[in-house]
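Here's a quick briefing to read alongside the model.

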Amino acid sequence: MNRKPELRGRAARLARLFPTGSGQAARTPFVLLVVLLLGGGLIGLLVLNSALSEGSFQLDDLQRDTKSLTDEEQALQRDVDAYSAPDALQRRARELGMVPGGDPAFLNPDGTVRGVPSAAPEQPSVYVPVLRPPEALDPEPAGTSPEPAPTATEPPAPTGAPEPATETAGQPTPTSTIPGR
């Protein structure tokens with residue numbers, strides 16, 4: 001009736017190599033393994049892509065910060081160059097009451113003086129207003145209380161800058177002398 005023909009010879013040997021049970025049971029673990037590998041790979045790619053995107057945003061922020069700091073550095077360097085220019089130094093020195101020096105004299109190691117010292121040339125006592133950078137004109141930073149203004153009875157505090165010299169008629173101007181001459 002439903003009898004399978006018996007195989008002989010080479011066909012019988014090959015038939016013994018194939019499993020006799022259903023083929024469905026052997027495929028299930030393989031399919032699960034492939035699905036798990038594909039799913040794990042996709043999740044790994046998603047995590048990697050997210051990390052790269054976050055790093056890209058951080059890189060953009062850092063580049064923007066670097067550009068703004070570079071611009072600030074260049075602006076500060078321009079300010080330093082403007083303040084250290086020879087004409088600016090000369091103007092600031094005159095504003096502080098400084099005058100160009102006269103001829104110098106030098107002391108030799110044995111104590112003798114070489115050269116003839118001379119006083120600085122007289123400068124007219126013209127009042128030049130002190131120009132201050134814009135940072136000095138800004139009000140006090142927030143959170144600090146300003147110092148009280150001096151009243152009419154107390155003298156103003158010295159600022160460290162000498163006031164312009166005023167000459168009076170008939171008074172000699174002081175000159176420095178070198179002892180031992």
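Arginine 91 is partly exposed, at 39% relative accessible area (partly exposed sits between buried, under 20%, and exposed, over 50%, with a 1.4 Å probe and protein chains only). This is a predicted model, where local features need pLDDT of at least 70, side-chain atom pairs need 80 or more, and totals for chains, interfaces and linings use all residues. Residues are numbered from 1 along each chain as its sequence is written, and side-chain values use heavy atoms, leaving out hydrogens and water.

- Arginine 91 pairs with glutamate 95 in a salt bridge, closest N and O atoms 3.3 Å apart (a Lys or Arg side-chain nitrogen within 4 Å of an Asp or Glu carboxyl oxygen).
- Both sit in helix 3 (residues 86-95), 4 residues apart, about one turn; helices are DSSP runs of H or I with at least four residues, strands are E runs of at least two, and numbering starts at the N terminus.
- Glutamate 95 also meets arginine 92, at 3.8 Å N to O, so Arg91, Arg92 and Glu95 are linked in a salt-bridge network.
- Glutamate 95 counts as buried at 10%, while arginine 92 is partly exposed at 32%.

- Aspartate 71 bridges to lysine 67, with the closest N and O atoms 3.4 Å apart.
- Those two are 4 residues apart in helix 2, about one helical turn.
- Lysine 67 is exposed at 54%, and aspartate 71 is partly exposed at 38%.

**Overall**
- The structure holds 4 salt bridges.
- The protein has 4 helices and 2 strands, running α-α-α-β-β-α from the N terminus.
- Of its 181 residues, 2% count as buried.
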